[in-house]
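Hi,

Here is the structure I promised to pass on. Have a look at it first, and then read on for what turned up.

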Amino acid sequence: MMHIIYEPERQRIAIQKSGRLHKASMDFLSARGLIFPPNERSLILPCKNSDIDLLLLRDDDIPEYVRSGVADFGIVGENVLAEKGIELPVIKKLDFGRCKLVIAIPSDSRIKTPEDLEGKRIATSYPKLLAKYLAKQGVEASIVAISGSTEIAPELDLADAICDLVQTGSTLKAHDLVPLFVIMESQAVLVESPKSKVAKDRFLSLINLR
Ligand code: PRP
Ligand code: ZN
């Protein structure tokens, strides 16, 4: 099985390993005719009916894999591309994975306006986008950069507020948090590598996009 990885003519599509976009990304590719074996913990899934391998990655890593050409394509949120500051050619906005990057606070918080964030601690895995927003508002707050599970930070007193993604809102609700301001709206996009030399049109015509 290992040899599959190194065959140059196979194309690699990077998608999220688990989380909000995983199933929607698999469904998108399946609906366009690609068949994948059931996933048994492998991080590379060879497509059963074409020369395509799925790379299952942390969403935060997808922009770099695609930028460097290790993956030929990627399905990733616009929010992740913006945070990484990596610009990639977008083939298609996918109309799923719609979400908002928000600042949220505990439901009993006294924070009401952006100015109320002055001097407060905000936990986030989007430190760059948050810093930009705060600078625009002229507010100085301390950014607590963590890589996930941001929603538990206020109840553990690691932060006074969080800046995180909301899709259905159920994660916020589970932690008694309410959204206050929207920093960015986002959806999933299909991006292509500026580096990949293999014929990209083969995959795109396979899934009826070119
Ligand atoms: C995001 C975010 C929340 C969740 C919110 O994670 O961090 O955990 O989605 O969704 P909800 O409003 O529907 O409950 P994501 O899947 O983007 O991956 P991450 O773990 O890399 O943040
Ligand atoms: Zn992530």
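Where does Leu-158 lie? Leu-158 sits in the loop that runs between strand 8 (142–145) and strand 9 (161–166). Please keep in mind that this is a predicted model. Together with Ile-152 and Leu-156, Leu-158 makes a nonpolar surface patch of about 270 Å². Leu-158 itself is partly exposed, at a relative accessible area of 40%; patch residues need over 30%, so Leu-158 qualifies on that count.

Next, helix 2. In this helix (residues 22–31), the buried residues are His-22, Ser-25, Met-26, Phe-28 and Leu-29. They cover an arc of only 155° around the axis, so they are on the same side of helix 2. The general rule behind such a pattern is that an α-helix has 3.6 residues a turn, so residues three or four places apart point the same way. On the face turned away from the buried side, helix 2 carries the exposed residues Lys-23 and Ala-31.

What do the buried residues of helix 2 pack against? Their partners are strand 1 (11–16), strand 2 (44–46), strand 3 (52–57), strand 4 (73–77) and helix 7 (200–206). Just after helix 2, you will find Gly-33 with a positive phi of about 105°.

Finally, the metal. Asp-59 and Asp-60 coordinate the zinc ion (ligand 2) through their OD atoms, at 2.1 to 2.5 Å. Asp-59 is buried, with a relative accessible area of 16%, whereas Asp-60 is partly exposed at 22%. The cut-off for buried is under 20%, which is why these two get separate labels.

Best wishes

Notes: Residues are numbered from 1 along each chain as its sequence is written. Chains are lettered from A and ligands numbered from 1 in the order in which they are written. This is a predicted model: local features need pLDDT of at least 70, side-chain atom pairs count only at pLDDT 80 or more; totals for chains, interfaces and linings use all residues. Side-chain values use heavy atoms; hydrogens and water are left out. Patches are made of residues with over 30% relative accessible area and no salt bridge: like charges are joined within 9 Å, nonpolar side chains (Val, Leu, Ile, Met, Phe, Trp, Tyr) within 5 Å. Accessible areas come from the Shrake-Rupley method with a 1.4 Å probe; for residues, only the protein chains shown count as cover. A salt bridge is a side-chain nitrogen of Lys or Arg within 4 Å of a carboxyl oxygen of Asp or Glu. Helices (H or I, at least four residues) and strands (E, at least two) are DSSP runs, numbered from the N terminus. Buried means under 20% relative accessible area, exposed over 50%, partly exposed in between (1.4 Å probe, protein chains only). The arc is that of the directions from the helix axis to the C-beta atoms. Contact means heavy atoms within 4.5 Å. Donors are N, O and S atoms within 2.8 Å of the metal (3.2 Å for Na, K and Ca); water is not among the atoms, so sites may look incomplete.
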